[in-house]
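Colleague: I am new to reading protein models. Could you take me through this one, step by step?

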Amino acid sequence: MVEVTVTPQSSLADRPVQIRVRGLSPSQLVTLRAWLKDEQGERFQARAFFRADGRGEVDPGLHAALGGSYSGVWPMGLFWFLQPDTLFRRLIKRDVAGSPFRVRLEVFDGLFLGADPPEQPLASCGAERWYVGPGVQRVPVREGRVRGALFLPP
């Protein structure tokens, strides 16, 4: 049985996570896809192609992506290379304190290049990426022409 995991499942957006796929056949070619919808409902996604190792596992921190949105060893590549389905959109988090980005990770057999996969994933899981940690206080700043926010640790 194929399984994909993200550790930790909930973390701050600037913290690394470990992605692991287990239960594949040795040397199996797979597509690993990450996607999310922003606050306006726009989908952003990244994909990378991997060949499972001799134990039937894929770890983007150890194994090089063979292509897709990036190539080479990028432990956080699936998060860093997210691209919009609609051109000229930018991934911006407006409600930084109220909700996380919910990223979906999926593993597909073989290679797929289209925007939507042709089949159901072999396995999937979710991850939360928060922009403000627990207990952080947001203080609006308005001084003259300066506008912004000050984030104070607990």
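Modeller: Start with a term: contact, or touching, means heavy atoms within 4.5 Å. This is a predicted model, so local features need pLDDT of at least 70 and side-chain atom pairs count only at pLDDT 80 or more, while totals for chains, interfaces and linings use all residues. Residues are numbered from 1 along each chain as its sequence is written, and side-chain values use heavy atoms, with hydrogens and water left out.

Colleague: Which residues does Leu 32 touch, not counting residues up to four places away in sequence?

Modeller: Residues up to four places away are set aside here.

Colleague: How many helices and strands does the protein have?

Modeller: Helices (H or I, at least four residues) and strands (E, at least two) are DSSP runs, numbered from the N terminus. Their order is β-β-β-β-β-β-α-β-β-β-β-β. The count is one helix and 11 strands.

Colleague: Which residues touch the most other members of the largest nonpolar core?

Modeller: A nonpolar core is a set of buried Ala, Val, Leu, Ile, Met, Phe, Trp, Tyr and Cys residues joined through side-chain atoms within 4.5 Å. Buried means under 20% relative accessible area, exposed over 50%, and partly exposed in between (1.4 Å probe, protein chains only). The largest core has 30 residues, and those touching the most other members are Val 4, Ile 19, Val 21, Leu 32, Phe 50, Leu 78 and Leu 105.

Colleague: What share of the residues is buried?

Modeller: In soluble globular proteins, nonpolar side chains tend to be buried together. Here the protein has 154 residues. The buried share is 38%.

Colleague: How many bridges join strand 8 to strand 9?

Modeller: Two strands pair if DSSP finds at least two bridges between them. Strand 8 runs antiparallel to strand 4, with six bridges, and Ala 34 stands opposite Leu 105. Strand 8 also runs antiparallel to strand 9, where Glu 106 faces Ser 124. The number of bridges joining strands 8 and 9 is seven.

Colleague: With which side chain does the side chain of Ser 10 make a polar contact?

Modeller: A polar contact is a pair of N or O atoms within 3.5 Å; within protein, one must be able to donate a hydrogen and the other to accept it, and residues adjacent in sequence count only if both atoms are side-chain atoms. Ser 10 is in strand 2 and is partly exposed, at 40% relative accessible area. Its C-alpha atom is 4.5 Å from that of Glu 128, 118 residues away along the chain. At 3.2 Å, the side-chain partner is Trp 130.

Colleague: How far apart in space are Asp 14 and Arg 129, C-alpha to C-alpha?

Modeller: Asp 14 lies in the loop between strand 2 (10-12) and strand 3. Its relative accessibility is 62%, so Asp 14 counts as exposed. Asp 14 and Arg 129 are 115 residues apart in sequence, and their separation in space is 8.4 Å.
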